Amino acid sequence: MKLSIIAIVTCVASNVQAFTMAPNGVAQYTALRMTAEDSHGPKEIKVGVIGCGRIGVVHLGAITKAPNVRPIIVSNPTISKAEAAAAQYGVPRFTSDAMDVITDPEVDAVWICSPSSFHAEQIKACAANGKHVFCEKPLATDLAETVEAINACNEAGVKLMTGLQRRFDPNFKRVKTAIENKEVGETIMIKLCSRDPSPPPFEYVKGGGGIFADMAVHDLDMSRFLAGEDPIDILAVGSCHIDKSIETLEGSEAFDTASCIVRYPNGVQAMIDVCRQSSYGYDQRAEVLGTQGMIATDNVYPNTAKISKESFTGNADMPFDFFLSRYIEAYVTETVAFCESLVNDTPVPCTGQDGLAALIMALAADKSAEENRWVTFKEIVESVYCADPLNCELLPYDVFPKGMQPSSDPKDLLTADYDAKKTKEKLINGGVM
């Protein structure tokens with residue numbers, strides 16, 4: 001089985017009613033308001049930002065540096081944070097209500113940087129109001145809801161980009177380039193490690209979805225990004241070594257350490273280890289072994305200074321110990337990339353389907369650790385039943401509607417996205433838009 005997530009079809013199965021818009025569905029597909037060029041050059045894109053916490057402010061700062069993109073409104077439940085962010089970056093309006101951003105008639109695109117539990121609802125609202133969407137991962141906390149959120153954007157004809165910032169980190173990008181250019185030959189094995197400087201508080205771990213969904217998901221996505229293929233199956237294990245208080249929690253929330261083996265086509269293997277504590281700072285490295293060599297990344301340090309003395313030779317300082325310090329360039333780069341997609345009307349570099357694949361991989365890892373066995377990714381996909389694109393639910397295999405076989409490929413759950421429609425339209429028009 002191959003999870004061919006890039007290809008997209010429009011129905012779940014031939015013997016099921018084709019997807020149709022719900023009577024109260026989202027806005028119909030229409031031409032973009034943000035046409036890439038008019039007679040006066042590129043059109044200015046006006047955007048809003050929901051959430052003015054640490055991540056929201058990072059994205060807002062990056063937006064202000066992107067050509068032909070201008071933030072015009074920000075929101076945060078604690079309005080003082082929205083006011084402070086607006087003042088810092090010269091945004092004319094601020095509010096405590098996210099819907100003020102989503103329904104603003106001047107806004108072309110919305111950055112969703114709110115808590116995860118609000119993502120799906122806000123994505124759907126953006127689609128209903130014809131707004132393009134950048135959303136921090138996860139797109140939703142539930143698999144069925146993730147499919148609904150993606151399809152809401154697809155049906156409305158708006159762009160959706162998932163925030164998986166490590167794809168834009170210069171170290172990981174260089175490894176990807178080496179793979180694409182066959183600098184180390186054909187890929188044999190991928191290794192990834194992700195170890196945080198210190199464990200999060202109990203309150204963060206409880207209800208966070210577990211170590212695979214809230215931490216290892218980045219590494220699972222990176223393995224797929226580097227492999228350039230969709231995965232087949234996974235074996236995962238977890239344990240607790242650092243914060244014994246979390247052992248009282250359910251499932252993988254009780255783990256602060258975990259390892260995964262992911263199998264890809266052509267015998268390629270990816271090995272991942274994650275831990276919530278590293279005494280020496282952020283430990284985030286990648287290695288790819290190929291038939292003609294190996295490429296690996298090192299950790300990122302605040303400076304290149306070295307100390308050499310009788311008892312020690314090495315870096316003068318520890319690696320970065322805060323995720324924003326470590327990945328600030330990646331966050332800025334991904335924001336600029338979406339801005340460029342909006343201005344130039346080009347495909348988004350990290351799609352809603354990429355976000356769906358990452359979630360499926362995390363859920364499969366969770367199931368593997370719980371049941372102590374290899375789990376195929378199609379097992380997770382087959383739990384989703386969609387009566388139509390915007391109404392999906394999770395069902396046991398044996399209770400699917402009569403005559404309905406569950407989908408084993410994520411592409412069968414999604415309708416064509418904005419960029420796929422544009423590509424098809426271009427082909428129909430002989431390459432001219």
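**Reading helices, burial and disulfides**

Guide: Seven of the 10 residues of H4 are buried, so H4 is largely enclosed by the rest of the structure. Buried means under 20% relative accessible area, exposed means over 50%, and partly exposed lies in between, with a 1.4 Å probe and protein chains only. Helices (H or I, at least four residues) and strands (E, at least two) are DSSP runs, numbered from the N terminus. This is a predicted model, in which local features need pLDDT of at least 70 and side-chain atom pairs count only at pLDDT 80 or more, while totals for chains, interfaces and linings use all residues. Residues are numbered from 1 along each chain as its sequence is written, and side-chain values use heavy atoms, with hydrogens and water left out.

Visitor: Which residues of H4 are buried, and against which elements do the buried residues of H4 pack?

Guide: The buried residues in H4 are His119, Ala120, Gln122, Ile123, Ala125, Cys126 and Ala127. They pack against strand S3 (45–50), helix H3 (98–102), strand S6 (109–112), strand S7 (132–136) and H5. Contact here means heavy atoms within 4.5 Å. After H4 comes Gly130, with a positive phi near 70 degrees.

Visitor: How is the packing of H4 and H5 described, and at roughly what angle do their axes cross?

Guide: Axes are lines fitted to C-alpha atoms, for helices over the stretch in contact, and angles run from 0 to 180 degrees between N-to-C directions. For helix H4 (residues 119–128) and H5, the axes come within 8 Å and cross at roughly 15 degrees. H4 is therefore roughly parallel to H5; angles under 35 degrees count as roughly parallel, over 145 as roughly antiparallel, 65 to 115 as roughly perpendicular and the rest as oblique. The crossing of H4 with H5 is left-handed. A crossing is left-handed if the near helix is turned anticlockwise from the far one by less than a right angle, and right-handed if clockwise. Ala120, Ile123, Lys124 and Ala127 in H4 meet Glu145, Glu148, Ala149, Ala152, Cys153 and Ala156 in H5. The residues of this contact divide into seven nonpolar, no polar and three charged. In that division, Ala, Val, Leu, Ile, Met, Phe, Trp, Tyr, Cys and Pro count as nonpolar, Asp, Glu, Lys and Arg as charged, and the others, Gly among them, as polar.

Visitor: What is the handedness of the crossing of H1 and H9?

Guide: The crossing of H1 and H9 is right-handed. The axes of helix H1 (residues 54–63) and helix H9 (residues 323–344) come within 9 Å and cross at roughly 50 degrees, which means that H1 and H9 are oblique to each other. The contact involves Arg54, Ile55, Val58, His59, Ala62 and Ile63 of H1, and residues of H9 including Phe323, Leu324, Ile328 and Tyr331.

Visitor: How many disulfides does the count give?

Guide: A disulfide is a pair of cysteine sulfur atoms within 2.5 Å, and the count comes to one. Cys386 is joined to Cys392, with an S to S distance of 2.1 Å. Their link is right-handed, with 100 degrees about the S-S bond. Cys386 and Cys392 are both buried. Cys153, by contrast, is in no disulfide, the nearest cysteine sulfur being that of Cys126, 7.4 Å away. Cys153 is buried, with a relative accessible area of 0%.

Visitor: Where is Asn151 placed, and what does Asn151 touch?

Guide: Asn151 lies in helix H5 (residues 143–156) and counts as buried because its relative accessibility is 0%. Apart from neighbours within four places in sequence, Asn151 is in contact with Pro389, Leu390, Leu413, Leu414 and Thr415.

Visitor: Is Val158 buried or exposed?

Guide: Val158 is buried, with a relative accessible area of 3%. Val158 is in the loop between H5 and strand S8 (160–163). Not counting residues up to four places away in sequence, Val158 touches Ala127, Gly130, Lys131, His132, Cys153 and Tyr418.

Visitor: What share of the residues in the protein is buried?

Guide: Buried residues make up 51% of the 433 residues. The protein has 12 helices and 19 strands.
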